[in-house]
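Keep the structure open as you read.

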Amino acid sequence: MVDTLRLMHVHAHPDDESSKGAASTARYVAEGVEVLVVTCTGGERGSILNPNMDRPDVLENIGRIRIQEMDAAREILGIQQEWLGFVDSGFPEGDPAPPLPDGCFALEPVEKAAAPLVEIVRRFRPHVMTTYDENGGYPHPDHIMCHKVSVAAFDAAGDPGMYPDAGLPWQPKKLYYHHSFHRQRLVALHEEMERRGLTSPYAERLQEWKPNPEWDRRVTTRVECAEYFPTRDKALLAHATQIDPEGPWFAVPLDVHQQAWPTEDYELVRSLVDSSLPEDDLFAGLRRAEDDLPTGVQ
Ligand SMILES: [Zn+2]
């Protein structure tokens with residue numbers, strides 16, 4: 001078993017590390033786990049979603065500002081962070097959707113785009129990796145591409161025949177998908193808001209969102225991290241161009257989140273260790289043996 005546990009999150013844009021899995025990240029950092037966030041693109045084509053930051057001087061310098069925002073979030077979360085260096089594809093809007101811009105991340109061949117990630121996996125040697133599901137969590141082309149390169153890197157990093165120039169082989173033991181915005185969580189938040197006599201921001205969305213038990217069953221692992229929700233909020237707010245403090249992210253009070261849904265949720269999709277489902281820990285099956293002994297056993 002291992003002494004220092006290492007966790008690698010692969011994300012598409014700066015801010016994704018703060019909107020998906022940030023509280024469980026902060027908890028693992030507090031417990032001594034080394035966490036590396038790999039950010040595939042610079043987020044250069046992200047729209048400015050905070051009216052206070054929607055200014056020409058911000059727009060002109062958006063690439064540099066997003067790097068500074070990421071630096072601030074990295075400090076708040078206590079993580080390491082690296083850029084993969086690809087260019088944001090932007091979210092194609094319109095019907096029909098316009099073609100993706102030349103040279104963007106989502107147009108790169110997967111095999112080529114996975115190469116720098118394999119190099120980082122072999123250098124950082126994570127025990128656990130996370131990424132998005134096959135739909136990207138939401139259908140941004142960079143999120144779907146992030147899924148593809150992460151799965152490709154997880155499968156290739158331990159194989160000495162693959163990417164022989166990218167360092168010594170290292171096989172991460174578990175791969176998870178984030179499930180941050182699933183219906184069950186939204187229902188719980190909605191019901192707690194109503195119970196408190198507060199206006200839920202989710203009423204309309206839930207009317208259209210039909211239950212899908214098959215999808216709900218995909219969550220295998222719920223990591224308790226309510227204590228770290230304030231850290232998650234702070235990290236999100238560090239991405240000032242992307243997050244409106246008056247917007248929907250903060251329409252539900254912190255203590256409603258803590259009470260109604262105190263976990264962040266994941267789906268275990270690859271595992272080379274034994275752990276029984278459901279889990280409450282991304283490192284289930286990887287802890288040192290003595291940590292797993294029942295009380296009273298020396
Ligand atoms: Zn994103």
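His143 lies in helix H7 (residues 141–156); helices here are DSSP runs of H or I with at least four residues, strands are E runs of at least two, and both are numbered from the N terminus. This is a predicted model, where local features need pLDDT of at least 70, side-chain atom pairs count only at pLDDT 80 or more, and totals for chains, interfaces and linings use all residues. Residues are numbered from 1 along each chain as its sequence is written.

H7 has 16 residues and reaches 22 Å from its first C-alpha to its last, close to the expected 22 Å (1.5 Å times one less than the number of residues). Twelve of those 16 residues are buried, so H7 is largely enclosed by the rest of the structure. "Buried" means that 20 or more other C-beta atoms, placed from the backbone, lie within 10 Å of a residue's own; 12 or fewer makes it exposed, and anything in between partly exposed. Among the buried ones are Asp142, His143, Cys146 and Phe154.

Now for the annotated site. UniProt, in an unreviewed entry, places the feature "binding site" at His13, Asp16 and His143; the positions are in the numbering used here, feature names are shortened, and annotations may be inferred rather than shown by experiment. The three span 131 residues in sequence, yet no two of their C-alpha atoms are more than 9.6 Å apart, so they gather at one spot. His13 is found in the loop between strand E1 (6–11) and helix H1 (16–19).

| Residue | C-beta neighbours within 10 Å | In contact with |
|---|---|---|
| His13 | 26, buried | Thr39, Thr41, Gly43, Gly46, Asp88 and Asp142 |
| His143 | 24, buried | Ala12, Tyr132, Gly136, Gly137 and Tyr138 |

What order do the seven strands of the open sheet take? They run E3-E2-E1-E4-E5-E7-E6, with mixed pairing; a pair needs at least two DSSP bridges between the strands. Strand E3 (80–86) and strand E6 (221–224) stand at the edges with a single partner strand each, so one side of each is left without a neighbour in the sheet. Neighbouring strands are turned by 25° against each other on average, direction ignored. Strand E4 (residues 128–131) and strand E5 (residues 174–178) pair in the parallel sense over four bridges, and the bridge partner of Thr130 in E5 is Tyr176.

H7 packs on this sheet, touching E1, E2, E4, E5 and E7, and its direction makes about 155° with that of E4. Axes are lines fitted to C-alpha atoms, for helices over the stretch in contact, and angles run from 0 to 180 degrees between N-to-C directions. Helix H6 (residues 115–124) has Pro116, Leu117, Val118, Ile120 and Val121 as its buried residues, which pack against E1, E2, E3 and H7. Just after H6, Arg125 takes a positive phi of about 55°.

Stepping back to the whole protein chain, there are twelve helices and seven strands. Its radius of gyration is 19 Å, close to the 19 Å that the globule rule gives for 298 residues, so the chain is as compact as a globular protein of that length. That radius is taken over C-alpha atoms, and the rule is 2.2 Å times the number of residues to the power 0.38. Of the 298 residues, 39% count as buried.

How values were computed
Contact = placed C-beta atoms within 7 Å.
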